[in-house]
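Dear colleague,

I am passing the structure on to you with this message.

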2 protein chains.
Amino acid sequence: MTTETTPLSDAARRFLERTTPEIESTLDRLLPPETERPATIHRAVRYAVFGKGKRLRPALAIAAAEACGATRAILEEILPAAAALELIHTYSLVHDDLPALDNDDLRRGRLTTHKVFGEAMAILAGDALLTQGLDWIGRFPEGNSRAGARSRVLAEISEAIGTKGMIGGQVEDLEASSGSHADSRDADTDRLQFIHRAKTGRLITASLLLGVIHSGGDDSKVARLRSYGDSLGLCFQIADDILDVTGTAESLGKSAGKDEAQGKLTYPALYGIDEARRKLQAERERALDLARQIEGGTNLLASIAALVADRSS
Amino acid sequence: MTTETTPLSDAARRFLERTTPEIESTLDRLLPPETERPATIHRAVRYAVFGKGKRLRPALAIAAAEACGATRAILEEILPAAAALELIHTYSLVHDDLPALDNDDLRRGRLTTHKVFGEAMAILAGDALLTQGLDWIGRFPEGNSRAGARSRVLAEISEAIGTKGMIGGQVEDLEASSGSHADSRDADTDRLQFIHRAKTGRLITASLLLGVIHSGGDDSKVARLRSYGDSLGLCFQIADDILDVTGTAESLGKSAGKDEAQGKLTYPALYGIDEARRKLQAERERALDLARQIEGGTNLLASIAALVADRSS
């Protein structure tokens, strides 16, 4: 239906080409150097962060800020908090890949952190990434013009990654995989929605909110970006589920076919691959529709939705 | 030299009897209920938190605030942030007890979290405790009278528990135990000091700073409480090292004799038990001296130092 490089996703691709180096240089500048004591943990943290990553969450924060007309000065201010989203995302990958959880060997095109540094160091590296991430978000400078922005952002992020968000999603994901599929299709549908929204959707939405709140967007803008983020998060996760079936380890940078092997509750598992694709297309349309309602950001946000949804086709 | 209940530690004991119920009821009120979805993680979090704990770090925050003459209203305001210190401490225990790290079966008088809920859930429960802890600290209300207090506190706590603090101490502790003792006694001494200060000392100091900064203590008070905290942290850790040799699982609520079995770098291992005791007494005197320089808090803070140091005698 769509091709690898539709014109629609081009703007998003160019945007990521612009933001990725900025985000990576911010991470490089702010993370402790590998030589700093204790060196092992700083090496493990940098190893986990500097694999090939899309840096999607920081880019979403910047896109949302630009949609609110943020000046260059404001964008510079937001950059450390945006980069912190990547630390938090990386922490979740490092812990989820551990033997006790998803037991993955490959991530971001190379061996997982625990395969290289051992389990103990991977657990501690994840802890360090989470600590540092919340720290960078919480320290964000707060001008009088945007009083309360920092608290609101920290609250949004913490909820998005807490037990009712990312951690909660991972818990239900594990429980759904451990052979305890619910009795009915309705219960499975409900659980799948909870997992997807909690595990990925909420941090994607919170990343957009970080950008809009810090650049002084009004309540209506916040509400619109929230709706768009929820739809984008769903696109992201359905596409991810499909890619796990259709992709290769080389194209994904992580192991393929793991979901089915682990009995995970996914869109293809619950609906079959064709119906999963149809649902993705429907959600893609919804995301584009919601992007159209965001003045100042329509083109880029629609393009990002296309890029995210079309990964799997 | 000292007995189990010296008169000096009595004031601290009474203080803990007063603060512990307040802290525990704050934790109970603010943590998600066990029934909330996903129930497993909320049960695991509460299991980890509500074992028998001294609640020392929140009590230190309250003691420091009282030493600054904090009103009842300010103390009420500080309570969630103080309780958050217990979440952060508990996260460190849950992760340190994991099989990949210290592999402990007993903690706070009962089975460790991973023995009851499994490794995956223990890793996620630790993650949840850390997330929630930093969230409560970062959301702390900030009045104009104490502008900037929240940022300063979050910075102090994050540094105390980051890779140059608690996590870093755990890393060097693991590396020191893995048979890679340093070549020289000087190098071992340096490493032991780093481990103790980073692993326990810094969060103990940061707990005191949370109280003094949030109750508007001036720079000189902050500096004095910082010095006292560093000494108290050292007392705590030497006493802990000694207790691991002399205590029983029943008296400790955790396994005894683990340090030696795991080849840990401790005061008794490096200096022998008698010299370790002498060093503890010297540090106890130093802490009492430093407490005497804190107007408004001398009696309580000296008593706390005695309580902490005399645990092992």
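A residue is called buried here if 20 or more other C-beta atoms lie within 10 Å of its own, exposed if 12 or fewer do, and partly exposed in between, with the C-beta atoms placed from the backbone. By that definition Arg108(B) counts as buried, because it has 20 C-beta neighbours inside 10 Å.

Before the rest, some conventions. The model is predicted, so that local features need pLDDT of at least 70 and side-chain atom pairs count only at pLDDT 80 or more, while totals for chains, interfaces and linings use all residues. Residues are numbered from 1 along each chain as its sequence is written, and chains are lettered from A, with ligands numbered from 1, in the order in which they are written.

To stay with the arginine, Arg108(B) has a phi near 50 degrees, a positive value in a residue other than glycine, and its place is in the loop between strand S1 (106-107) and strand S2 (110-111) of chain B; strands (E, at least two residues) and helices (H or I, at least four) are DSSP runs, numbered from the N terminus. In chain A, phi of Arg108(A) is near 55 degrees, again positive in a residue other than glycine, and Arg108(A) is buried, with 20 other C-beta atoms within 10 Å.

The backbone also has cis peptide bonds. One runs from Arg37(A) to Pro38(A), with omega near -10 degrees, and Pro38(A) is found in the loop between H1 and H2 of chain A. Another joins Arg37(B) and Pro38(B), where omega is about -10 degrees.

H15(A) is mostly covered, since 11 of its 13 residues are buried, and H1, H3, H10 (219-246) and H14 (273-292) of chain A are among what covers them.

The axes of H3 (residues 56-67) and H9 (residues 185-214) of chain A come within 7 Å and cross at roughly 35 degrees; axes are lines fitted to C-alpha atoms, for helices over the stretch in contact, and angles run from 0 to 180 degrees between N-to-C directions. The residues of this contact of H3(A) with H9(A) divide into 11 nonpolar, three polar and one charged, where Ala, Val, Leu, Ile, Met, Phe, Trp, Tyr, Cys and Pro count as nonpolar, Asp, Glu, Lys and Arg as charged, and the others, Gly among them, as polar.

Finally, the contact between the chains takes 36 residues from chain A and 36 residues from chain B. On the side of chain A that touches chain B, the largest share, 13 residues, comes from H6(A), and by class that side has 18 nonpolar, 12 polar and six charged residues.

With best wishes

How values were computed. Two residues are in contact if their C-beta atoms, placed from the backbone, lie within 7 Å.
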